Amino acid sequence: MAKQIIQVINPNTSQAMTETIAQAARAVVSPASEILAVSPSAGVASIEGHFDEAIAAVGVLEQIKAGREQGVCGHVIACFGDPGLLAARELARGPVVGIAEAAMHMASMVATRFSIVTTLPRTLIIARHLLRQYGFEHQCAALHAIDLPVLALEDGYGLARQKVREYCIQSKRQDGIGAVVLGCGGMATLARELTLELGIPIVDGVGAAVKMVESLLALGLTTSKHGDLAWPVAKSLSGPFSALN
């Protein structure tokens with residue numbers, strides 16, 4: 001039997017981060033599924049604000065369209081801002097899950113309160129907006145930023161990864177929580193070792209989103225094409241957006 005393909009989209013253009021995300025996804029995927037890890041050919045090298053998210057969302061949509069044409073069964077948006085999530089659902093046949101959305105849901109199932117550890121302080125407000133949007137505002141005890149850019153997670157020095165560890169330890173000691181959500185796709189491969197070290201669930205959104213997509217597919221549930229997630233209204237797109245026609 002052919003494997004079902006789950007497309008994991010890194011919305012930035014960093015190939016090193018795409019590989020990190022792919023590694024985390026393949027570590028949890030079932031034998032019935034195959035991971036197709038992709039990233040846009042153009043856009044931003046890292047996503048650290050609203051401007052970056054707006055640019056990245058177009059690349060996400062291009063990858064969704066390409067994946068749909070390749071027969072992909074489901075999609076993961078592997079950036080903690082979940083850029084372009086609802087637009088991607090309009091364009092997709094299969095389920096589309098964002099890693100922030102997935103991580104918050106999973107954390108709420110294993111703990112009554114959780115904290116989030118992310119990268120730059122400016123992204124904390126984006127995480128707060130998502131907490132409110134997804135209904136987890138009252139279950140998140142605290143948000144912490146390691147105050148290093150996203151690409152520091154891939155620079156080979158290890159400082160960013162060490163700071164993630166330190167903030168997770170601090171969260172466990174001070175926040176009154178039972179779990180920590182890692183707030184960046186580049187942190188994905190840290191979750192298992194930190195879970196073992198700290199003795200509490202450290203939730204990686206990449207793995208969580210892959211398993212959610214697999215669960216939806218196993219239940220025969222795909223993105224609704226009734227209501228606001230129906231196919232986009234047919235119209236001609238011009239200029240750099242013509243690839244989405």
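Which domains does the domain assignment of the protein chain give? The assignment gives domain 1 (4-99 + 207-219) and domain 2 (100-205), with bounds that come from an automatic or database domain assignment. The views below show a predicted model, in which local features need pLDDT of at least 70 and side-chain atom pairs count only at pLDDT 80 or more, whereas totals for chains, interfaces and linings use all residues. Residues are numbered from 1 along each chain as its sequence is written, and side-chain values use heavy atoms, with hydrogens and water left out.

**View A. The interface of domain 1 with domain 2.** The C-alpha centres of domain 1 and domain 2 lie 19 Å apart, and 31 residues of domain 1 are in contact with 33 residues of domain 2, contact meaning heavy atoms within 4.5 Å. Between them the two domains bury about 2300 Å², of which 65% is on carbon and sulfur atoms; buried area is the accessible area (1.4 Å probe) that two parts lose on being put together, summed over both. On the side of domain 1, M17, E48 and F80 lose the most area to domain 2, together 31% of what that side buries.

**View B. The packing of helix 1 with helix 8.** Helix 1 (residues 15-28) and helix 8 (residues 205-218) pack at an angle of about 50°, their axes being 8 Å apart. Helices (H or I, at least four residues) are DSSP runs numbered from the N terminus, and axes are lines fitted to C-alpha atoms over the stretch in contact, with angles running from 0 to 180 degrees between N-to-C directions. From helix 1, I21, A24, A25 and V28 make the contact, together with V206, G207, V210, K211 and E214 of helix 8. By class, this contact has 6 nonpolar, 1 polar and 2 charged residues, where Ala, Val, Leu, Ile, Met, Phe, Trp, Tyr, Cys and Pro count as nonpolar, Asp, Glu, Lys and Arg as charged, and the others, Gly among them, as polar.

**View C. The packing of helix 4 with helix 8.** The axes of helix 4 (residues 99-110) and helix 8 come within 8 Å and cross at roughly 85°. In helix 4, I99, A102, A103, H105 and M106 meet G205, V206, A208, A209, K211 and M212 of helix 8. The residues of this contact divide into 8 nonpolar, 2 polar and 1 charged.

**View D. The packing of helix 6 with helix 7.** Helix 6 (residues 159-174) packs with helix 7 (residues 191-198) at an angle of about 40°, with the axes 11 Å apart. The contact is formed by V164, R165, C168, I169 and K172 of helix 6 and by L194, E197 and L198 of helix 7. By class, the contact has 5 nonpolar, no polar and 3 charged residues.

Notes:
Helices (H or I, at least four residues) and strands (E, at least two) are DSSP runs, numbered from the N terminus.
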